Amino acid sequence: IDSGATGAKSGTVEKDLTLAFAKTLEEHLNGKPGVKAFLTRRNDTFLSLSQRVTLARQGGADLFISLHADTLRQADIRGATVYTISDKASDHMAAQLAERENFSDTIGGVELPTETEAEVGDILLDLTRRETQAFSIAMAQAVVGSFDGQISLINNPHRHAGFRVLQAPDVPSVLLELGFLSNKDDEKLLLDPVWREKVAGLLVDAIKRYRQPDLANGG
């Protein structure tokens, strides 16, 4: 139902590109000892944002990564970006992207919840969220550190906004924009299997860096 962004030059469809990358990343991760990766979808199936979060939680996920390749009005902007959740966007571009990503449920005819965060969360859930948010930020920083100097990053590559897909209270979550299909150079790279393999490897390195404190403590 929601095909996502479309490439300006070759008509690349985001939903196909991100699924292809996700499968590559899954293969890289499952080749590592002590790691089990799984996807929220394996084919052209629509999942609401809440369904994606639920699948991660039901699967006992220790980390959730939402993959995207969006478009912007400014075709000259390019490079990877990693987002964490926040009730206030870090900048106007982050706010716009969150609004577009959250609109996915509307496209799919999903009725949005009407309750507010205050009505849902008690103090224990809030404490869980704070710890989860700290881990999410650590993962975002690990991604930026792994990507820096290896692939193109936008300025201030760790940003934040109110992405609904990152709302799991107990699963550290990041949203990764691999690049922008509105930029012809990014689109060319996003279509390159060799580049995707490289980025998947860098992302695996970021996850290993993120997990190092747990591994040191026997986790």
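Which residues does F147 touch, not counting residues up to four places away in sequence? The views below come from a predicted model.

**View 1. Contacts of F147.** F147 touches A80, L153, L176, V199, L202 and L203. Residues up to four places away in sequence are left out of that list.

**View 2. The largest nonpolar core.** This core holds 32 residues. F21, M139, V143, F147, L176 and L203 touch the most other members. Helix α1, strand β2 (80–85), helix α6 (123–147), strand β4 (173–177) and helix α8 (193–216) each supply at least two residues. The most come from α8, which gives nine. Nonpolar side chains tend to be buried together in soluble globular proteins.

**View 3. T18 in helix α1.** Helix α1 spans residues 14–30 and contains T18. T18 has 8% relative accessibility, so it counts as buried, the cut-off being under 20%. A polar atom of the T18 side chain lies 3.4 Å from the backbone oxygen of K15.

**View 4. N156 in strand β3.** Strand β3 covers residues 153–161, and N156 lies within it. Phi of N156 is near 50 degrees. That is a positive value in a residue other than glycine. N156 has a relative accessible area of 55%, so it is exposed, the cut-off being over 50%.

Definitions and conventions:
Residues are numbered from 1 along each chain as its sequence is written. This is a predicted model: local features need pLDDT of at least 70, side-chain atom pairs count only at pLDDT 80 or more; totals for chains, interfaces and linings use all residues. Side-chain values use heavy atoms; hydrogens and water are left out. Helices (H or I, at least four residues) and strands (E, at least two) are DSSP runs, numbered from the N terminus. Buried means under 20% relative accessible area, exposed over 50%, partly exposed in between (1.4 Å probe, protein chains only). A polar contact is a pair of N or O atoms within 3.5 Å; within protein, one must be able to donate a hydrogen and the other to accept it, and residues adjacent in sequence count only if both atoms are side-chain atoms. A nonpolar core is a set of buried Ala, Val, Leu, Ile, Met, Phe, Trp, Tyr and Cys residues joined through side-chain atoms within 4.5 Å. Contact means heavy atoms within 4.5 Å.
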